[in-house]
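Grab a pencil and work through a few exercises with me. Try each task on your own, then check the steps below it.

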Amino acid sequence: MPTVSRSTRASRVAMAIGLLGLIVLIAAPWWAGRADLRLMGEIYLYLSLACLWNLMAGYAGLVSVGQQAYVGFGGYMLFALSIFGGLNPVVAIVLGGVLAAIISVPVAALIFRLKGAYFAIGTWVMAEVFRLSFAQIQPLGGGSGTSLPVAIVKELGDKKAAREATSYWLALGAAVVVLLAVYLLLRSRRGLALTAIRDSEVAASGLGIDIWRTKLEVYVVTSAFTAIIGGLIFLQKLRISPDAAFSVNDWTAFVIFIVVIGGIGTLEGPIIGTLLFFALREVLADFGTIYLMVLGLVAIVVMLKAPKGVWGLIRERFDLELFPLSYRVRTKDD
Amino acid sequence: MIEWTGAIVQGVLLGGLYALFAAGLSLIFGVMRLVNIAHGDLIILAAYLGLSTTVLLGVHPFLALLLVMPVMAAIGYVLQRGVLNRTLGPDILPPLLVTFGLSVIIQNALLETYTADPRKLSGGAIDTASLDLGGISLGVLPLLTFGIAVAVIAGLQFIFYRTSLGRGFRAVSDNQDIAQLMGLNKAHVFGLAMALALAVVAIAGVLLGMRTSFDPAIGGGRLIFGFEAVIIGGLGNPWGTLVGGVILGVAQTIGAKIDPGFQILAGHIAFLVVLAVRPNGLFPRVEH
Amino acid sequence: MSDLLTLTALDAHYGDFQALYGLDLSVSEGEVIAIIGANGAGKTTLMRSVSGLLRNAPDQITYRGQPIGALRADQVAALGIALVPEGRQLFASLSVEENLLIGGKTGRSGPWSLARVYDLFPILQERRAQASTSLSGGQQQMVAIGRALMANPDLILFDEISLGLAPVIIRQIYDALPGIVGQGMTAMIVEQDIAQALSVSSRVYCMQEGRVALEGRTGEVTHDQITAAYFGVGA
C-alpha cells in the first residue's frame with residue numbers, strides 16, 4: 001500500500017542541522033563580536049524581507065517593486081508610536097505591523113486593478129506616495145528625517161551590550177518567525193492553493209480557489225510582516241528619513257536580487273540568496289557603483305540562463321528538498 | 001485667476017513631455033506585451049548622450065538629436081535581439097526582472113561615467129524665451145515640446161497604420177506564429193520596434209535635458225510619469241496617452257501652485273483617483 | 001516528376017509529448033495530395049512541421065533536395081512554402097486588404113497579386129477596408145487562402161479549410177481550388193471532410209496516432225481501407 005509522506009531524509013537531516021544551528025545563533029551575543037552581531041542581524045532582516053517578497057511574487061504571483069512602502073511605514077510607525085505614543089519600541093513595531101495590515105487593504109483595492117508589470121509599477125507609485133506623504137510630516141522631521149531619542153533607545157536595555165543583544169535577538173526571532181510562518185502557510189491548504197495559483201491561475205480558479213481573495217490575504221500578511229521588519233531595521237539604525245525609509249535600492253532591488261539569485265518560488269532560495277548576496281557584498285562593497293552593476297548583471301544572467309536560481313539548479317541536479325513541502329508517494333519498495 | 005489659468009496651461013504643455021515619455025513605453029507594450037522597467041533610465045541615458053554630443057561637437061541639442069536618435073535606436077535593436085527577446089513569453093517575471101536589472105546597470109553606469117552632479121542641456125535662447133498670450137506667458141521650449149509630442153504621436157500612428165513596417169508590428173502583435181508564416185522574422189520585428197521606441201526615447205531625453213536638470217537617479221521618476229500617463233489615458237490608445245499626460249501635467253502644476261513640495265504627490269493622487277474610478281483609463285482600447 | 005517535398009522518418013514533439021512517429025511522405029511537383037485522419041492524428045502537427053512553426057531535425061524534411069526541417073517559419077516562407085492555417089487565424093488588427101498585403105511580405109514574384117486575388121474572390125474586394133474579423137467564416141477562409149497565395153508559393157498547405165463552414169460554402173471553396181492550384185502549384189490538403197479532399201487530390205495519406213496508416217492513389221483506395229486506416233481498426 002503506497003504511503004504519502006512529506007519529508008525526505010535530506011529534509012529531516014536539514015531540520016536537525018537547522019535546529020542545532022539555531023541554538024548556536026541564539027548564543028551569538030556571547031561568542032560574536034559587535035560588528036559580526038550587527039552583520040548577522042542585518043542578514044536575518046534581509047532574509048525575512050526576501051522570504052516575504054518571495055511569498056508574494058514566487059507563490060502568489062504578485063510581483064511588487066514597492067515593498068519599500070511598508071518597510072518605511074513600519075520604520076516611521078516605530079518612531080511615531082514610541083515618540084508620540086509613548087509606547088515601548090517593540091510594542092510600537094508590532095503595532096506598526098497591525099497598522100500596515102490595515103492600510104494595505106485600500107492600497108490593494110487600488111493597485112489590484114492593474115495586472116502584471118503594470119501592477120509592479122503601481123506598487124512603486126504607492127511607495128512613492130508613502131514617501132512623499134511622510135516627507136510632509138514635520139513632527140517626524142519632514143524631508144530630512146529624525147533620530148530616535150535616547151530615552152526610547154534605553155528602553156531596550158541600559159547597557160549598550162544589552163541593547164545590541166536585544167536588537168540581535170529581535171532580528172533573529174523575526175527571521176525564525178517569518179520562515180516558520182511562511183513554511184506553515186505553504187504546508188497548509190492555503191499554501192496548496194497558492195502553489196496552484198502559482199502554477200496556473202486559470203486551472204486554480206477552475207478548482208474553485210478564490211484567487212482575488214487569496215492574493216489579498218497574502219498581500220496583507222506580507223505587508224504587515226514587512227512593516228515589522230522595517231521597524232526592526234530602523235530600530236537598529238536609530239535614524240530615519242524618507243529617502244532611507246523608502247529606498248527602492250535598499251529594500252527592493254537588493255531583495256529582488258537575493259530572491260532571483262537564490263531561487264524564486266522556493267523556501268530554500270531566499271536563504272541561499274541572502275548568503276550569496278552578503279558574500280558578494282563583502283567582496284565588492286568597496287567598489288560602490290561597480291558592485292551594483294555586477295549585481296544587476298548577475299541577476300540578468302541568472303534570469304536568462306538559470307531562472308530557477310542557484311537553489312533551482314541544485315534541486316534539479318540532486319532532487320533535493322530541505323523544507324518538507326512537497327508530497328511524495330512511497331511504495332513498498334522504497 | 002490668471003495665475004491658475006497660467007498653471008493649467010503650463011500643465012498642459014508639461015503633459016506633452018509626459019506623453020513623449022509614455023509613447024515609447026506603450027509602443028513596446030502594444031507590439032510585444034513587454035513593460036520595460038528601464039524605460040526611464042533610457043530616457044536619462046539619451047539626455048546624457050545628448051550632453052556628451054553637445055559638449056564634444058559643440059552643437060545645439062536639437063542638432064545633437066541627429067546623432068543621439070540613431071545611436072539610441074541601434075542600442076534598442078541590439079538590446080532587444082541580444083537580451084530582451086529571450087525574456088518574452090507567458091511568464092511576466094523574466095522581462096520584469098531583467099529590465100529591472102538593466103535599470104540598475106544603466107543608472108550606475110551613468111553614475112560612474114558622469115558622477116551624480118546635476119547636468120543640463122543648454123538650448124540657448126529657447127530655454128528662457130516665452131510668448132505672451134493674453135497675459136499668460138508660454139515658454140517656447142514647453143510649447144515646442146508639446147508640438148513635438150503631437151508630431152511624434154501622429155508619426156507613430158502613421159507608421160503603424162500606413163506603412164508595411166507598421167503592418168508587420170500589428171501582425172506580430174496579433175499572432176506571432178502566423179506572422180512568421182508571412183515571412184516576418186519576429187526577432188527582427190521586435191528589434192525594430194524597440195529601435196523605434198528608443199528613437200522616441202532619444203527625443204524625450206533631449207527635450208527633458210533642455211527643460212530641467214537631470215542626474216543618473218531620476219530615471220525611475222520618469223518611468224512612473226510615463227506609466228501614469230498611459231494608465232490615465234487608457235491602454236492601447238496613443239492619443240489617449242496624450243490626454244493622460246496632460247491630465248497628469250495639470251495635476252502636477254496645480255499641486256505645485258498649492259505648494260511646491262506637493263507637485264509630484266498631486267500627480268500621483270490624480271493617477272490614483274483615475275485608477276479608482278476608471279481602472280481601464282479614460283479612453284481604453286485594450287484591456288490590461 | 002521530381003519530389004518537391006520529402007518527409008523522412010519525421011518525428012515531432014510538444015515538450016515531452018510525441019505527436020509524430022517516424023513519418024514518411026513525399027509530394028511531387030504539381031501534385032495535389034490529401035492528408036486525412038481523425039482529430040489528434042497529427043495532421044496539423046505535420047503542417048506545422050513543414051511550414052516551420054515546429055522545429056524538427058534538419059534532414060527529416062527536405063524541399064527541392066535541401067534540408068529545411070530546422071528552419072524558422074519565416075525562412076521556410078521565403079523558400080516558397082505557404083500555409084493556410086487551421087482556424088483561419090487572420091490578423092485581427094489588420095483589415096482584409098492589409099491581411100492580403102502582408103501575405104506578400106516575402107516579395108516572391110509570380111502570377112498572384114492583389115488584383116488576381118480579388119478576381120478570385122470578388123467579395124473580398126467589396127470588403128477590403130473592413131476589419132478582417134468582421135467577415136463571415138467562409139469569407140475569412142477566402143482571406144486566409146488569398147493571404148497564402150499572395151506569397152506566390154510553389155507549395156501551398158491547406159489545414160482543415162472546411163472546419164466550421166457551412167456545406168455550401170465548403171463546396172464553393174473547393175470548386176475554386178482547381179483554379180488556385182491549376183498553374184502547376186503543388187498542394188497538400190489536410191481535411192476532415194474526406195469526400196471533398198479526395199475530390200481534388202490525386203493521392204491520399206491517412207494518418208492515425210502520429211503515423212501513416214494508409215497511402216495510395218485516390219482512385220485506387222477503397223472506402224473500407226480508408227475507414228480501417230482512419231479509425232485504426234482491423235488488421
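C:Ile81 sits opposite C:Leu155 in β7(C). Keep in mind that this is a predicted model, where local features need pLDDT of at least 70, side-chain atom pairs count only at pLDDT 80 or more, and totals for chains, interfaces and linings use all residues. Residues are numbered from 1 along each chain as its sequence is written, while chains are lettered from A and ligands numbered from 1 in the order in which they are written.

**Exercise 1.** Work out how β6(C) is joined to β7 of chain C, and in which order the strands of the sheet lie.

*Solution.* 
- Step 1: Four bridges link β6(C) to β7 (residues 155-159) of chain C, and the two run parallel. Strands pair if DSSP finds at least two bridges between them; strands (E, at least two residues) and helices (H or I, at least four) are DSSP runs, numbered from the N terminus.
- Step 2: Now follow the open sheet of six strands in chain C: β6-β7-β8-β3-β9-β10, with mixed pairing.
- Step 3: At the edges are β6 (81-84) and β10 (211-217) of chain C, each pairing on one side only. From one strand to the next, the twist averages 15°.
- Step 4: Helix α9 (residues 223-231) of chain C packs on this sheet, touching β3 (32-37), β9 (203-208) and β10 of chain C. The direction of α9 makes about 35° with that of β9(C).

**Exercise 2.** Describe how α5 and α11 of chain A meet.

*Solution.* 
- Step 1: The axes of α5 (residues 89-111) and α11 (residues 211-237) of chain A come within 8 Å and cross at roughly 145°. Axes are lines fitted to C-alpha atoms, for helices over the stretch in contact, and angles run from 0 to 180 degrees between N-to-C directions.
- Step 2: The crossing of α5(A) with α11(A) is right-handed, meaning the near helix is turned clockwise from the far one by less than a right angle.
- Step 3: Residues in the contact include A:Gly96, A:Gly97 and A:Ala100 of α5(A), and A:Ser223, A:Ala227 and A:Gly231 of α11(A). Contact requires C-beta atoms, placed from the backbone, within 7 Å.
- Step 4: Sort the residues of this contact by class: 18 nonpolar, five polar and no charged. Here Ala, Val, Leu, Ile, Met, Phe, Trp, Tyr, Cys and Pro count as nonpolar, Asp, Glu, Lys and Arg as charged, and the others, Gly among them, as polar.

**Exercise 3.** Find the two domains of chain A and describe how they touch.

*Solution.* 
- Step 1: The domain assignment, which is automatic or from a database, gives domain 1 (32-246) and domain 2 (247-320) of chain A.
- Step 2: Their C-alpha centres lie 20 Å apart.
- Step 3: Domain 1 of chain A puts 22 residues into the contact and domain 2 of chain A puts in 18 residues.
- Step 4: On the domain 1 side, α3(A) brings the largest share, 11 residues. By class, that side has 16 nonpolar, four polar and two charged residues.

**Exercise 4.** Which of the two pairs of chains in contact shares the most contacts?

*Solution.* 
- Step 1: Chains A and B share the most contacts of the two pairs.
- Step 2: Chains A and C do not touch, and their nearest C-alpha atoms are 17 Å apart.
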